[in-house]
Amino acid sequence: VINGPLLAIESSCDDTACAILSPKGDILAERVLSQTGHAALGGVVPEIAARAHLAALPSLMDDTLTDAGLTLDDIAAYAASTGPGLIGGLIVGSTFAKGIAIARDKPFIAVNHIEAHALTARLPALSGETPAFPYLLLLVSGGHCQCVAVRGIGHYEKLGGTIDDAAGEAFDKVAKLLGLGWPGGPALEKLARKGNPSAVTLPRPLLGRPGCDFSFSGLKTAVARHIAPYGQAALPLQVAADIAASFQRCVADIMADRAENAYTAIPDATALVVAGGVAANTELRTRLEAVAERHALRFIAPPLRLCTDNAVMVGWAALETLSARHDAGYGPSDDVPVAP
Ligand code: KG4
Ligand code: ZN
């Protein structure tokens with residue numbers, strides 16, 4: 001559909017990323033710069049993130065071009081995430097890419113960030129054949145927590161989402177209560193290995209109920225209540241480990257239950273895909289893999305670098321969008337009418 005490589009930018013949260021893909025979707029170069037300044041502040045500060053994207057983008061793009069052995073003259077199209085996400089960062093990244101596209105008279109493709117996560121499972125770089133539609137996506141990170149039926153390019157059905165915190169946010173908040181650093185997910189998982197997952201009784205919000213919604217704030221409150229009698233500073237290590245293990249088990253139970261319900265809703269699904277930073281969690285992966293196996297679904301967990309925010313997924317979603325537009329008779333720069 002395009003006759004040269006595509007350059008993609010991702011800047012919706014705290015990662016500044018750039019990738020260059022061949023027209024077929026082969027990854028020619030990819031870079032991610034994770035902003036580190038937020039750790040000391042205990043979370044992502046949107047205004048700081050937006051300024052950091054702006055400072056990082058020009059050299060990040062140059063370095064990515066160098067990695068690919070290309071210059072801007074070789075780039076045939078540009079893409080960027082335009083939402084959802086933190087609005088300042090989105091404006092910086094998409095205006096950057098769109099500005100270059102306009103200056104060079106090349107097409108610019110606006111990409112929905114969730115769509116990019118959803119289509120990652122179809123990347124040619126992933127081993128194994130492309131999953132057929134429809135497939136199920138469980139997107140769980142610090143910013144996202146939703147269950148989606150991917151029916152086709154541009155055809156997504158949200159089966160459920162969180163009614164309070166995202167799953168990664170819950171990991172981060174519980175880790176904070178336990179006195180671990182930020183982001184808390186990896187530290188909590190490490191501590192959980194030393195604990196007993198049955199030691200602490202925690203509520204499992206929405207478990208056993210129909211639907212694919214999530215709720216984590218009650219769980220977080222329950223953890224806080226277990227810690228209170230000791231006080232964070234005096235929390236014995238074994239108690240902390242037991243709480244971590246019990247919390248993790250609880251989240252895994254909830255995820256597996258929601259995945260079961262997603263399958264019930266879309267029984268013709270061909271695969272269960274898990275993405276987002278929380279997908280790094282081994283217990284979670286194992287439990288979801290078991291759900292997939294029970295229903296003869298393929299289980300796809302992309303490598304972590306493609307699971308968390310990255311520009312490869314943005315570039316790939318742009319290519320998928322272009323090919324779908326092409327099939328419908330539109331060129332890369334045509335305005336495509338949006339269905340009502
Ligand atoms: O996708 P991601 O890198 O960034 C966005 O949130 O968009 O996800 C980061 C989230 C954080 O909340 C982090 O605590 C969580 O993923 N996380 C984990 C693990 N590794 C990262 N949660 C549980 N277990 C892990 N091993
Ligand atoms: Zn994301």
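Mentor: The following account begins with the conventions, then turns to the ligand and the parts around it.

This is a predicted model, in which local features need pLDDT of at least 70 and side-chain atom pairs count only at pLDDT 80 or more, while totals for chains, interfaces and linings use all residues. Residues are numbered from 1 along each chain as its sequence is written, and chains are lettered from A and ligands numbered from 1 in the order in which they are written.

Of the 19 residues around ligand 1, those that come nearest are Ser141, Gly142, Gly168, Gly185 and Gly277; a residue is near a molecule if its C-beta atom, placed from the backbone, lies within 6 Å of it. By class, this shell has 10 polar, six nonpolar and three charged residues. Here Ala, Val, Leu, Ile, Met, Phe, Trp, Tyr, Cys and Pro count as nonpolar, Asp, Glu, Lys and Arg as charged, and the others, Gly among them, as polar.

Helices H4 and H5 (184-192) each supply at least two residues of the shell, and the largest share, four residues, comes from H5. Helices are DSSP runs (H or I, at least four residues), numbered from the N terminus.

The shell draws at least three residues from each of domain 1 (6-122 + 306-327) and domain 2 (135-301), with bounds that come from an automatic or database domain assignment. The C-alpha centres of the two domains lie 28 Å apart. In domain 1, 15 residues are in contact with 20 residues of domain 2, where contact requires C-beta atoms, placed from the backbone, to lie within 7 Å. On the side of domain 1 that touches domain 2, the largest share, four residues, comes from H3.

Helix H3 also holds His117. UniProt, in an unreviewed entry, places the feature "binding site" at His113, His117 and Asp309; such annotations may be inferred rather than shown by experiment. These residues span 197 residues in sequence, yet no two of their C-alpha atoms are more than 8.8 Å apart, so they gather at one spot.

Ala170, Lys173, Val174 and Leu177 in H4 meet residues of H6, including Leu219 and Val223.

Technical notes. Contact = placed C-beta atoms within 7 Å.
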